[in-house]
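Dear colleague,

I am handing over the structure below, and I would be grateful if you could look through it before reading my notes on its aromatic rings.

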Amino acid sequence: MDNTMLIGLTRQLTLRRQMDVVANNIANANTQGFKAERMMLEPDTAFRARHQDGPNRAQFVDEWAMGRDFSQGALTNTGRPLDLALQGDGFFMVEMDGVERFTRDGAFTLNPLGELVASDGAQVLDAGGAPIVLNPNAGQIVIGESGEITQNGQVIAQVGVAQFADQGVLTKTGDNRYAAPEDAERVIEELPQIKQGFLESSNVRPMLEITTMMQVSRAYTSVTRMIKDTDELSRKAIDRLGRP
């Protein structure tokens, strides 16, 4: 198989992956705290396109990493006292089955034990890494901008917010959450900026994603046409060379 075919096929693979990423962004345009993603490419140094004459500049590309846009999403007023939105950097800390995760989705509620939990039951952690337990019968729950939770004038806990020196170390784990390696440099924010009764919307821009999807689709069609034309040219060349 010649260089044109190989380069075309590798480009098709990356375009298909890019289409999946764009489609996932669009599907999560209304997911609280979701961060838009972008596929990042790099030259494949293990394989280099070669030819007999001319400069040896053609290179294959491969997926290098998944880039995420952690910029602030718009805040939506819900009026629900346990809905929380973060302004600026940082992540809420939650725990599920003893495993710690990080999220920007602050749609919380109370379970029958009085624990502050996410929609799937994951426990929301305080600044010390312990589950937050409230008494639903002890009066109005007030959560200040610093994350302090008070009832009847008494401070019950402070919502834990973790910040990472390098957000690129975070890996997506599903359920709109991230995992961090054990050696990741992080700090617990002492004075986070939290708004009670609000949720952070996704920072996906649907029109931009739709435009990108159209560009990817056109590029895929163009590469497919190039591969077909190259195959037809090779077939004709073989046919001519095979004539007596």
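A residue is called buried here if its relative accessible area is under 20%, exposed if over 50% and partly exposed in between, with a 1.4 Å probe and protein chains only. By that rule Phe164, at a relative accessible area of 9%, is buried, and Phe91 counts as buried with 1% relative accessibility. Please keep in mind that this is a predicted model, in which local features need pLDDT of at least 70 and side-chain atom pairs count only at pLDDT 80 or more, while totals for chains, interfaces and linings use all residues. Residues are numbered from 1 along each chain as its sequence is written, and side-chain values use heavy atoms, with hydrogens and water left out.

The structure holds 6 aromatic pairs, where rings of Phe, Tyr and Trp (its six-membered ring) pair if their centres lie within 6.5 Å, and planes under 30 degrees apart count as stacked, over 60 as edge-to-face and the rest as tilted. Phe91 and Phe164 have ring centres 6.1 Å apart and planes at 65°, so this pair is edge-to-face. Because Phe91 lies in strand β5 (residues 91-96) and Phe164 in strand β13 (residues 161-164), the pair ties together parts 73 residues apart in sequence; strands are DSSP runs (E, at least two residues), numbered from the N terminus.

The rings of Phe102 and Phe164 are also edge-to-face, since their centres are 5.0 Å apart and their planes at 90°. Phe102 is buried, as is Phe164. Ring pairs link Phe70, Phe91, Phe102, Phe164 and Tyr178 into a cluster.

Best wishes

Terms used:
Helix = DSSP H or I, 4+ residues; strand = E, 2+ residues; numbered from the N terminus.
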